[in-house]
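Me: Hi! I'd like to walk through this structure with you and ask things as they come up. Here is what I'm looking at.

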Amino acid sequence: MDFFKKSKQITRGKTLFSILQKGLLLVMFFVGGQLMAQQTITGLVTDDQGPLPGATIVVKGTSNGVTTDFDGNFSIKASEGDILVVSFVGFENQEVTMSSNQDIVNVSLTPDNELEEVVVTGYGTQKKVNLTGAVAAVSGEVLEDRPILNVGEGLQGVIPNLNIDIRNGDPTTSPEFNIRGFESINGGSPLILVDNVPMDIGSLNPNDIESISVLKDASSAAIYGARAAFGVILITTKKGKKGKATVNLSTEFSWGKPIMRMDPITDPFAYATARNVASLSTNNVVSYDDAYMAAAKIYSDNPTPENAWFRDGTTLNYVGYNDFMNTYLREWIPQQRHNLSVSGATEKSNYYVSLGFIDKKGWIKNDDHNIDYDRYNVLAKVNYEINDWLEMDTKALITIEENDQPHFYNWDVNINSFARMGANATHFPDLPFYLTPGDRSTYEQHIGQPFMTVSPIPYYEQGGRNLNKQVDVLLTQGITIKPMKNMKVRAEFSPNYTYVDIEDQRTRVRGIAAGRSLDLSDGGNNLVYGNGFSSTDYMEKSFEKRLYYVFNAYADYTFEPEGSPHYAKATLGFNQEYGKQEYLRGKAYSLITPKITNINATVGSQEAYGSASHTSLRGVFYRLNYIFQDKYLLELNGRYDASSRFPTDDRYDFFPSFSAGWKISEESFMQDLTWIDNLKVRGSYGELGNQLLGDDYYPYIPTMGSGTSNYLTGSGSRAPYVSPAGLVSSELTWEKVSSTNFGIDATLLGDKLDVSFDVFTRVTKDMLMMVEQPSILGTSAPKTNAADLETKGWELSATWKDQLNQDWYYGVTLALSDSQAEITKYDNPTGALSEYYTGQKIGEIWGYKTDGLFQNDADITNDLSALGNNWKAGDLNYRDTDGNGIVEPGNNTLANPGDRGVIGNSSLRYRFGINIDLRYKNWSLNTFFQGILKGDYFPPTGNWNAFWPWNAGNAEWYYITDSWSPTNRDAYFPGPHIGYNDKKNYSVNDRYLQDASYIRLKQLTLNYKVPADIVSQIGVRSLNVYYSGQNLWDATNMRAPLDPEVRPTLTQEYYKNRTHAFGLKIGL
Amino acid sequence: MKNRTKNIIKSFAVLFMIYGCNDSFLERQPLDQISDASFWNTENDLMVYNHSFYDMTKNDNTYPFLMGHDDGFDSHRISYLHYDGMSDNTSPRHGRHSSYAQIRAGVYNIPSSVGANAPAGWYGYKGFQLVRAINIGLANYGKAVVSDEVKNHYEAEARLFRAMFYANKIKNFGTVQWVDKEVTLADEDILYGARDSRDLVMGKVLEDLNFAALNIRDNGDQNKLSKSAALLIKSRICLMEGTWRKYHSLGGESTYLQAAADAAKELIDGGKHSLHKGAAGRTYNELHSQESIDGNSEVIFFQRYERGARTNHVQSYNRGYNGGATKSLVEDYLCSDGLPTSLSPLYKGDANYTDIFENRDPRLRQSILHPADQAIYNYGNHSADANTYPRIQGMPGGLKTYTGYHIIKVYNVGSAHASYNSSVTPGISLRYAEALLNYAEAKAELGGGVISQADLDISINKLRDRDGMVHLTSTPVMDPRYSTDGISAALVEIRRERRIELFFEGFRYDDLRRWKQGKKLEQKDYGMRWDDAHKALIDPDGKVTVKSGLVGGVPYIEPYKGTDFETPKFDESKHYYWPIALDVLSQNPKLEQNPGW
């Protein structure tokens, strides 16, 4: 399951600390030597790469222990018959029994067998080999050496059925996590915990992460009860390790190139010609008259700045082409990341402190107005043993995020309009003359003044900013008590404080109210200067404060008598959480001057808005593990939970689960099969609740809405109003999710092949359903627990790895998964297709079948009037499936869907990730591909959405080359129409359904570890240099400009990047 | 060890006491919302509750009554200024207004969802949130400790909203489900019930109107409903229902016609309102182009817009989208002798573009741009537009129409060219002039096509007096163009007066439907005369792209020629009512689609 070998935190630096340690050992040596009749044993501890500093050597059964020095040497006092235990994190322990007169012991440690790997589970850990639930874990190493901003980017495709979607390249956009597919009609998401505290992990520093565990099935997640219905992601942060103090410094610079799949028409003449064809076909008028066409031709043949403008009477028109991509968009977006961490341990304590900094710029070329994202991360952890039964730990996790971007004025002048700026001018031109030779002086004053109508440029150059600052502080104080042998009690209290400060400055911008045409009939006097979309100016400031308290207390007791075939462990715990959110917003209109952006410096009307909410949760949980003969595994989990989100009587519920495993490979009859290292089958069943209702904190309490309307009851009087309460159901309770899981884990061929396979069924029962009621109800239907859903799926992960010889190593890991969901119960009495219905496969796309494009007017025999008017050759031939001569949508019910049927499914299936790891001596190359094998997508047809020819303002070459005409009968698209006037060819249909499968090279990292002899000369412990690329290559059947990963939205504001990063890591 | 264990268990017990045994920990009530139980006490409670009706109904897409203009980009599609695009008054050709053109040409389909395009999407079979809010209010006003007068006032206000909502649904969809209580999930007979009869619904509407007119305060408020508003709304709705019943042979019209006449008469007799008196020669135009109409004696109710609070961009969109007025409209204005252009010796014809303005009802030149008036109105693409007008699609520069007839009613250069969404063009939802027209029409209908001179003198002739137009007599000459409409010459003139006076205010399409004159929409739209002389005069460079067609052998601009809307249809068996959107029907098939769809 674990693709990446556990990291070895090798410490090879001489520090003051290690010298002190040595001195201490020396003292011990002398003191010890005088008290006992022991001999001094010296030795060297090595691994396959050489001496191992910081390894621990303990005389078994005593507290007598030492660590190896920088050169791997140690010396210790021991007597004959003593057993020396040599250990180091990440390596198997080795025991050496002292024989008489032995004074030299050299030990070579071998890396931990992965079977002994320990995985973090809910409120505890478990040996991977003994897991009975569906748990996947990766080490934080997977996130290293990559120019990623957040954990989500790093985990995409790594764990099968941990599905992560990242909508765009905006660093402030949180990735969406999902485990095992469609959750509930009400949505739902995995519970994400950082060291046991629910947190937004978008701003977490990936470098601070020690490990990530994903609890997929009910049995492993049951301990989290009512929030874990759709899985749990556990993130454990790094902590100090035994051994010498280590200082790690990493620095990385990267350059991202926006992934734009556009191919704009750069020739205005070609554009206008094609546009006229479309316009004539739809509206029977041309969009561009002869004069324009003639001028466009001149520009097209000779694109000079003068030719970009032509005179039509007293009007000056633009016919040029604006290469906005190269003029205003950055070719490379810079980003930098720096991390510093210090960790170490003394005998009684350990510590880990890290500082992280990220700076990412946006896509605007102009540096002064570019988007700027900065993030500072601090993690400080101290763990100290007060005495042999008491341990305290303190943690502070602080994140400061700042984002500075232009204020959003209007869609028309957002980055989206870049796409349609091509045929528009951006500034008053500098021409030798304007209407008549010699009139330049009349217009000189206007030269260079910005145009306001479709150009975003004046808005980000002169406009206000949107400043967003978020501070997140998580403090944890924990206490661990070992009251007796084999028993551990832990309590921890974590307040999490989040503070958000947003300042939105809508300041006035000034320029010429024009886009592409200038009326100069009055010598420039009638040029209109205005504020475009910025005439209503305001300052808005908002604060949000979120407090979240988590208290956990849990104890475990291990029963493991020496020599007995029984092993048992019990965990019992209590969890309580409380959250409160407060929000305050003030807005004041009419700034005195755009230069002073403070709410005080305004003269217009003012608005204030506030809100507050709170929620609480409490639960008691247990886990029992039982292992017999190290072969038969049994685990019981459960939780009794209560949530403030439900009515008093329905507030409490019990969620039990159990799982069992059989390590077949341990059976005697298997011992002959030496090629099987490990083979285990396991199964689990459990029930969980879903209380995740998003922001609906009081779904059972009817409340009246209130607010202040902008309806004016008199001059300056906004109308305060109170609106009626909605309908609520008084007997609302949790959605119940039960899941069944069967899995098999196998390690074969001398640990070379590691395979894990799971099948699961997840039934979501009593889904809170907001039935679409007939509109006469006059309000949204209350949520009631009334619908069921079943999700089925499987997941596979397989790793093949081989150390070919001393120099060569390679490993290949595949993660593949699938899931499908179906509605098994839903109250939809009329079978309306606008709602869910029983038997519906989630993601179904209803549409028409088609038979190509009409090649001749005479081919149009069916009545297509229900889909549009004015059918002609080149239009889409919708199939009349019922043969009644009319193509129609029926009444939109299952019983009568007209000629429509299910033509595809938008669920993304067979998601995969392939990781190839190659190492040669000091070089390593890691490549990671990720993608989806099956899924359909019908592009949205709303105005200004890309894809459909002439539906959006921008125009691409394929509009011309791939639209039907009598001479281009095999074209993909129909004969051209102006899409926002005539969408008859865009009714959902199978011809334009897109295959959403893709493969993308997410990551390619080449790392070089500078050899030790060179490194030691420059006085550092280790030095790595690397190159890492993200999103370097992709393949998809999806037609440009659609991007398979950005699919759900076509109005992309912040492009994803292809990123090249260069980094340096230094260990001191 | 034992003692230590005990102590630890003890301390945990204490922790559990603090955290565990406190049930109120899980009791979390809303912190920022009002509960039903603590409301409904004072008059202020009732007032702010009723404010929610104003808040909801300012969404004119869902509630197309008391209409104003939508906000920002949505100004382009929802406003009463665009509404005439469905009729023979204007010829919108802009792509964004193709929904209006589709209705006008009878080429619209059943929309898949009520959120889709017009009709039945825009202005569609939706908005029952308002009915629910009103019915909940009506069930609770009684709880307040206030006088009956107060209670009745707010009840009247609520019921007036309900009446407008239902009358609008009846007008567009024929029948509708009537509910006068809060519907719950238990009311399956309602949720999955059929539509109620027109008789039942309109009977209830009339009850609401009567109660409202009797009990609402006579407070002269222009931004909230008042007694004047109630009377005008009552006359409007009852006239709609009365004439619809009469011309669609549904029977029972006299009750409604009488109620319409009575309500209008009460408003007239009340004497609180009078027609706007403004600058000579611009008094009609001025009312509609002013940004500030506070306290205007003619305006009974308006949607108020103010910078920084509620603004629109409607004029900016509309000037480019309305396409221009039609030949049919322009020719309907009387000549200054009170005779129609078809009869008057004063009519100079249209051989010369400016001749059409000669000797005409003064409202023509205040509604349609005379080239010589460009400076007066600052008409054009900006305030100092030096282009010559009229301008037609295809010509370079300036502000263009599709018909050649530029509409200047409502046009205000400051509002039309205001920076994006910063205009405060008021929405005049109710004005006194309509009451005069409603009165005259109701009286004439009640009189079987005959109306007394006295009734004309207190109604239509007041309108005529405002601009110095000759009076209408009770026995006018029949305009031969309307002689086959099957109505008296007096009614012809009353309807003409209505078309002229209320042009561009969103009445025409509804009027044609209630008069069962849908066939008028089968007549093609034309614009100005487009013979060689006009081409040479207006478009010497031959830039105009709009086609022309022959009317009586003379070429006129034909704005829809070559488009989907070239040959308008009006199927009398289906087009009087709009189709109900598919998603509405699929949720309750018993609503049943309207006939013919």
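Me: Are B:Asp467 and B:Arg466 buried or exposed?

Reply: Both B:Asp467 and B:Arg466 are buried in this predicted model. Their side chains also meet in a salt bridge, with N and O 2.9 Å apart.

Me: Which residues are joined with them into one network?

Reply: Salt bridges with shared partners tie a whole group together, including B:Glu298, B:Asp361, B:Arg363, B:Lys409, B:Arg431 and B:Glu501. B:Arg466 and B:Asp467 belong to that network too.

Me: What does B:Arg363 form with B:Glu501?

Reply: The two form a salt bridge, and their closest N and O atoms are 2.7 Å apart. This pair links distant parts of the chain: B:Arg363 is in helix α14 of chain B and B:Glu501 is in helix α20, 138 residues apart. Both residues are buried.

Me: New topic, the nonpolar residues. How many residues are in the largest nonpolar core?

Reply: That core has 162 residues, and those with the most contacts inside it are B:Tyr166, B:Leu225, B:Ile233 and B:Ile368. Helix α6 of chain B, residues 148–173, gives the largest share of this core, 13 residues. As a bit of background, nonpolar side chains in soluble globular proteins tend to be buried together.

Me: What does B:Ile368 touch?

Reply: Leaving aside residues up to four places away in sequence, B:Ile368 touches several residues, among them B:Ala325, B:Leu329, B:Phe357, B:Tyr405 and B:Phe503. There is also a second, separate core of 75 residues, which includes A:Phe428, A:Ala514, A:Trp948 and A:Leu993.

Me: Back to chain B as a whole. How many helices and strands does it have?

Reply: Chain B has 23 helices and four strands. Its radius of gyration is 28 Å, close to the 25 Å that the globule rule gives for 597 residues, so chain B is as compact as a globular protein of that length. Its C-alpha atoms fill a box of roughly 115 × 55 × 50 Å along the principal axes.

Me: What share of chain B counts as buried?

Reply: Of its 597 residues, 64% count as buried. The accessible surface of chain B is about 19,800 Å², and 51% of that belongs to carbon and sulfur atoms.

Me: I clicked on B:His382. Where is it found?

Reply: B:His382 is in the loop between α15 and α16 of chain B. The residue is buried, with a relative accessible area of 6%.

Me: What does B:His382 touch?

Reply: Not counting residues up to four places away in sequence, B:His382 touches A:Asp519, A:Asn526 and A:Val528 from chain A, plus B:Val413 and B:His417 from chain B.

Me: Which strands pair with β38(A)?

Reply: Strand β35 of chain A pairs with β38(A) in the antiparallel sense over 14 bridges, and β39(A) pairs with β38(A), also antiparallel, over 13 bridges. As examples, A:Asn678 has A:Thr747 as its bridge partner, while A:Ser738 is partnered with A:Val763.

Me: What happens at A:Leu749, in the hairpin of β38(A) and β39(A)?

Reply: The hairpin has four residues between the strands, and A:Leu749 takes a positive phi near 55 degrees there.

Me: Last one: what is the strand order in the open sheet of five strands?

Reply: The order is β11-β16-β17-β14-β15 in chain A, with mixed pairing. The edge strands are β11 and β15, and each pairs on one side only. β11(A) pairs with β16(A) in the antiparallel sense over five bridges, and A:Val138 has A:Ile212 as its bridge partner.

Terms used:
Residues numbered from 1 in each chain as written. Chains lettered and ligands numbered in written order. Predicted model: local features only at pLDDT ≥ 70, side-chain atom pairs only at ≥ 80, totals over all residues. Heavy atoms only, no water. Core = buried A, V, L, I, M, F, W, Y, C linked by side-chain atoms within 4.5 Å. Buried < 20%, exposed > 50% of the residue type's maximum accessible area, 1.4 Å probe, protein only. Helix = DSSP H or I, 4+ residues; strand = E, 2+ residues; numbered from the N terminus. Contact = heavy atoms within 4.5 Å. Pairing = 2+ DSSP bridges. Rg over C-alpha atoms; globule rule 2.2 N^0.38 Å. Areas by Shrake-Rupley, 256 points an atom, 1.4 Å probe, with all protein chains shown as cover. Salt bridge = Lys/Arg side-chain N within 4 Å of Asp/Glu carboxyl O.
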